[in-house]
Amino acid sequence: MSDSARADDGDGSIYSREYFSYVRGLFLAASIISVFELYLNIDWFLGVPLWLQAVRISLTVVVVGYWLGMSRFDPVPRHAFKVGMLFFLLRAMTLSYALEPYNIAFFYTVALIGLMTLVSFRYEVWAVMVVGVGALLLAREGQFPDRAYFGLALVTAFAGYFGLSFLRFRARLFGLLSLLKDQTRTDQLTGLHNRRALQNDIADCFERLERGGMGFSLLLLDVDHFKRVNDFYGHAAGDAILKTLAGEIGQDVREMGPANVDAGVGTGTVYRFGGEEFAVILPGMDIDAASRVAERLRARISAKRFEATPLKTLIPAGGVTISIGIAGAESGAGWIEVYSAADQALYRAKDLGRNRVERADRPSPLTAGPGLVMQS
């Protein structure tokens with residue numbers, strides 16, 4: 001596991017959000033302490049040189065301003081360490097005027113240890129140590145008591161050990177959490193993402209749509225008459241067919257990848273969210289482009305000869321077919337709306353004879369009667 005393990009894994013996961021909450025809480029605490037300490041030391045503050053007053057005011061502005069603007073301008077705390085380092089540098093500059101009556105040793109200690117919890121690389125630990133040593137040299141040149149100076153030296157040494165240990169611990173923790181997340185987001189039979197992942201990823205797609213205007217389309221696929229396949233060939237053969245289907249759908253999505261990348265959009269992601277139900281998210285694709293992808297995929301599966309393992313029997317072309325419903329995302333909608341639209345289109349495709357593609361924006365005049373029961 002790399003020392004550079006980060007919480008900002010880019011998938012909007014709960015671990016990233018939890019780490020973001022921790023970092024924002026850390027800067028909130030620093031903001032409160034900064035303001036309170038400035039209030040306690042106001043008499044001292046008014047008697048120091050103007051440059052030191054500017055440093056102390058800048059210290060407070062940096063930490064309070066970053067805390068206030070973090071949720072809007074830094075949704076993943078990529079720059080938290082840099083801001084924390086600037087904060088600590090400003091705080092270290094005041095050590096040359098160590099007659100500050102309240103909290104200087106406590107505040108230095110909290111700032112140093114807090115900064116070590118933001119490191120992502122070993123070199124950042126050493127950078128903090130260098131600044132800490134520089135702060136001690138400043139304190140030595142000033143009027144800092146020997147006993148307090150020795151205490152801060154011990155704190156600085158401990159902070160280095162703590163930073164390296166915390167870095168290793170966090171790397172292992174994020175590795176375990178990532179493994180756990182993958183397990184909870186993965187279908188065990190096919191290796192595809194599962195329903196939980198589908199719901200989370202659609203929510204992330206809507207966030208990108210609202211933030212940057214990049215839309216997406218959702219395909220819902222269902223194997224036609226799959227119960228008959230299970231009954232005739234057995235459930236083991238049915239599982240083998242589902243694995244093959246997952247591979248075929250994934251291969252089709254990968255084959256369209258280069259064209260998507262050239263067009264400046266992402267490649268699709270495939271999910272299994274039910275017994276014989278699959279889904280595909282196509283980022284950056286409108287419903288017209290998604291319809292072409294769906295039709296190509298439908299034809300591919302219809303022409304495929306599936307092996308009914310373990311019977312070693314080949315199912316002829318057309319023996320396994322799929323129906324597909326498509327819905328395009330709209331700004332202001334959400335998971336429920338786009339899923340329901342694609343689901344209704346899917347059931348319409350099954351009602352109209354199966355082995356076909358239906359779009360949510362083109363409802364058919366032929367609809368299922370209220371008493372009709374759909375079959376797989």
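Visitor: How close do the axes of helix H10 and helix H12 come, and at what angle do they cross?
Guide: They come within 11 Å and cross at roughly 140°. H10 covers residues 235-255, and H12 covers residues 287-302. An axis here is a line fitted to C-alpha atoms, for helices over the stretch in contact, and angles run from 0 to 180 degrees between N-to-C directions.

Visitor: Where do the labels and values come from?
Guide: This is a predicted model, with residues numbered from 1 along each chain as its sequence is written. Local features need pLDDT of at least 70, side-chain atom pairs count only at pLDDT 80 or more, totals for chains, interfaces and linings use all residues, and side-chain values use heavy atoms, with hydrogens and water left out. Helices (H or I, at least four residues) and strands (E, at least two) are DSSP runs, numbered from the N terminus.

Visitor: Back to H10 and H12. How do they lie to each other?
Guide: They are oblique to each other. Angles under 35 degrees count as roughly parallel, over 145 as roughly antiparallel, 65 to 115 as roughly perpendicular, and the rest as oblique.

Visitor: Is that crossing left-handed or right-handed?
Guide: The crossing of H10 and H12 is right-handed. A crossing is right-handed if the near helix is turned clockwise from the far one by less than a right angle, and left-handed if anticlockwise.

Visitor: Which residues make the contact?
Guide: From H10, Leu-245, Glu-248, Ile-249, Gln-251, Asp-252 and Glu-255 take part. From H12, the partners are Val-293, Arg-296, Leu-297, Arg-300 and Ile-301. Contact means heavy atoms within 4.5 Å.

Visitor: What classes do they divide into?
Guide: Five are nonpolar, one is polar and five are charged. Ala, Val, Leu, Ile, Met, Phe, Trp, Tyr, Cys and Pro count as nonpolar, Asp, Glu, Lys and Arg as charged, and the others, Gly among them, as polar.

Visitor: Which residue forms a salt bridge with Asp-252?
Guide: Arg-300 does, with the closest N and O atoms 3.5 Å apart. A salt bridge is a side-chain nitrogen of Lys or Arg within 4 Å of a carboxyl oxygen of Asp or Glu. Arg-300 sits in H12 and Asp-252 in H10, 48 residues apart.

Visitor: Asp-252: buried or exposed?
Guide: Asp-252 is buried, at 2% relative accessible area. Arg-300 is partly exposed, at 23%. Buried means under 20% relative accessible area, exposed over 50%, and partly exposed in between (1.4 Å probe, protein chains only).

Visitor: Which residues are linked in a network of salt bridges?
Guide: Glu-248, Asp-252, Arg-296, Arg-300 and Lys-304 are linked that way.

Visitor: Why can such side chains pair?
Guide: Side chains of opposite charge can pair when their charged atoms come close.

Visitor: How many salt bridges does the count come to?
Guide: The count comes to 15. One of them joins Arg-91 and Glu-37, at 2.9 Å from N to O. Arg-91 is in helix H4 (residues 80-93) and Glu-37 in helix H1 (residues 14-40), 54 residues apart. Both are buried.

Visitor: And what does Asp-224 form a salt bridge with?
Guide: Its partner is Lys-350, with the closest N and O atoms 3.8 Å apart. Asp-224 lies in the loop between strand S1 (216-223) and helix H9 (226-233), and Lys-350 in helix H13 (residues 335-351), so the pair ties together parts 126 residues apart in sequence. Asp-224 is buried at 4% relative accessibility. Lys-350 is buried too, at 5%.

Visitor: New topic. Where is His-225 found?
Guide: His-225 is in the loop between S1 and H9. It has a positive phi of about 50°, although it is not a glycine. At 23% relative accessible area, His-225 is partly exposed.

Visitor: What about the phi of Arg-354?
Guide: Arg-354 has a positive phi of about 70°, and it is not a glycine. Its place is the loop between H13 and strand S7 (357-359). Arg-354 is buried, at 17%.

Visitor: Last one. At what angle do H3 and H4 pack?
Guide: Helix H3 (residues 50-73) and H4 pack at about 155°, with axes 9 Å apart. That makes H3 roughly antiparallel to H4. Their crossing is left-handed.

Visitor: Which residues of H3 meet H4?
Guide: Among them are Trp-51, Leu-52 and Tyr-66 in H3, which meet H4 residues including Phe-87 and Arg-91.
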